[in-house]
Amino acid sequence: MDYPALERAARRGATVELVRHAAAQLEGVVSGGRALRAVRHPLGFVCLPVLRDGAQGVCVHVFGPADPILTGHQVHSHSWELTSTVLYGELNNRRMEVTEEAARPTHRVFEVHSAPSGVDELRPTRRLVRCLPGAEQSSSRGQTYALPAGEFHTTVVPDGRPTATLVLGRTLPGRADLSLGPIRAPGHRVVRRMCDAAQTVRIAQAALRRIHEAHPPSV
């Protein structure tokens, strides 16, 4: 898998190339050629990690009503820069205006430490901030959007409709994954649940079917 080539395709808006790549990866999962397991993320989507190569990663994220949000820490920022192409459906990203505020804060900053076991430990820091809603960006089938590392945001799928994205991520050195939580909340843990082989295949099959419906062969 050529990560730089995928980045270049995303920058120039080569939707057909990116969709074909996502479909090929899912077909490999369905046929048994790709030995990976889908992961149910606490933020309400299923992740199929198709590439992990040092600082670079490629995933297919599948959103649906069967995957509820399991954490109250929905406002978050990544330690990695993200480029995402919507394969089908629609989602909204709302950027948040977060400023340091010790006198009248609305939230505390938590660091997210992820273990290979699938446990995310949210550790409270001393940082107190004020968080206000910023601009919202809506992206639908075939569109690509980018989020820089360190930008606080939330992602919402309108009406819980089926949606999937091809996500490219490049981790930046010296960054941490962060989330915002209640000022007096203690640290806690959330668990990313691993799907078994049969569940992973069913998720990939459903996503592949919707990709073909959204992007018929003539496209």
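## Packing of helices H2 and H3

In this predicted model, H2 and H3 pack at an angle of about 145°, their axes lying 9 Å apart. Axes here are lines fitted to C-alpha atoms, for helices over the stretch in contact, and angles run from 0 to 180 degrees between N-to-C directions. Helices (H or I, at least four residues) and strands (E, at least two) are DSSP runs, numbered from the N terminus. H2 passes H3 in a left-handed crossing, a term that applies if the near helix is turned anticlockwise from the far one by less than a right angle (right-handed if clockwise). From H2, the contact (heavy atoms within 4.5 Å) is made by Val19, Ala23, Leu26, Glu27, Val29 and Val30. H3 contributes Thr200, Val201, Ala204, Gln205, Ala207, Leu208, Ile211 and His212.

## Basis of the values

Residues are numbered from 1 along each chain as its sequence is written, and side-chain values use heavy atoms, with hydrogens and water left out. As the model is predicted, local features need pLDDT of at least 70 and side-chain atom pairs count only at pLDDT 80 or more, whereas totals for chains, interfaces and linings use all residues.

## The seven-stranded sheet

An open sheet is formed by seven strands in the order S9-S5-S11-S3-S2-S1-S14, with antiparallel pairing. Its edge strands are S9 and S14 (193-194), each of which pairs on one side only. Two strands are taken to pair if DSSP finds at least two bridges between them. Strands of a sheet pair through backbone hydrogen bonds, either parallel or antiparallel.

S5 (residues 80-88) and S9 run antiparallel and are joined by four bridges; here Ser84 stands opposite Tyr145. S5 also pairs with S11 (residues 163-171) in the antiparallel sense, over eight bridges, with Thr85 opposite Leu166. H3 (residues 197-214) packs on the sheet, where it touches S1 (39-41), S2, S3 and S5, and its direction makes about 65° with that of S5.

Along S9 (residues 144-147) the side chains alternate. Buried means under 20% relative accessible area, exposed over 50%, and partly exposed in between (1.4 Å probe, protein chains only).

## Helix H1

H1 (residues 3-11) lies across S2 (45-53), S3 (56-63), S5, S9 and S11, running at about 120° to S11. The buried residues of H1 are Tyr3, Ala5, Leu6, Glu7, Ala9 and Ala10; they pack against H2, S2, S3, S5, S9 and S11. At the N-terminal end, H1 is capped by Asp2, with a side-chain oxygen 3.2 Å from the backbone nitrogen of Ala5. Just after H1, Gly13 takes a positive phi of about 70°.

## Nonpolar cores

A nonpolar core is a set of buried Ala, Val, Leu, Ile, Met, Phe, Trp, Tyr and Cys residues joined through side-chain atoms within 4.5 Å. The largest such core has 32 residues, of which Leu48, Val58, Val62, Leu87 and Tyr88 touch the most other members. Two or more residues are given to this core by each of H1, H2 (15-31), S2, S3, S5, S11 and H3. A second, separate core of twelve residues includes Cys47, Cys59, Leu82 and Leu147.

Leaving aside residues up to four places away in sequence, Tyr88 touches Val62, Arg141, Pro162, Thr163, Ala164, Ala207, Arg210, Ile211 and Ala214.

## The buried residue Asn93

Asn93 lies in S6 (residues 90-100) and is buried, with a relative accessible area of 0%. Its side chain makes a polar contact with that of Thr155 at 2.6 Å. A polar contact is a pair of N or O atoms within 3.5 Å; within protein, one must be able to donate a hydrogen and the other to accept it, and residues adjacent in sequence count only if both atoms are side-chain atoms. Beyond four places in sequence, the residues that Asn93 touches include Tyr145, Leu147, His153 and Thr155.

## Strand S12 and Asp177

Four of the five residues of S12 (residues 177-181) are buried. The bridge partner of His76 is Ser179, while Glu111 stands opposite Leu178.

Asp177, in S12, is partly exposed, with a relative accessible area of 23%. The side chain of Asp177 reaches the backbone nitrogen of Ser79 at 2.8 Å. Asp177 and Val112 are 65 residues apart in sequence and 5.3 Å apart in space, C-alpha to C-alpha.
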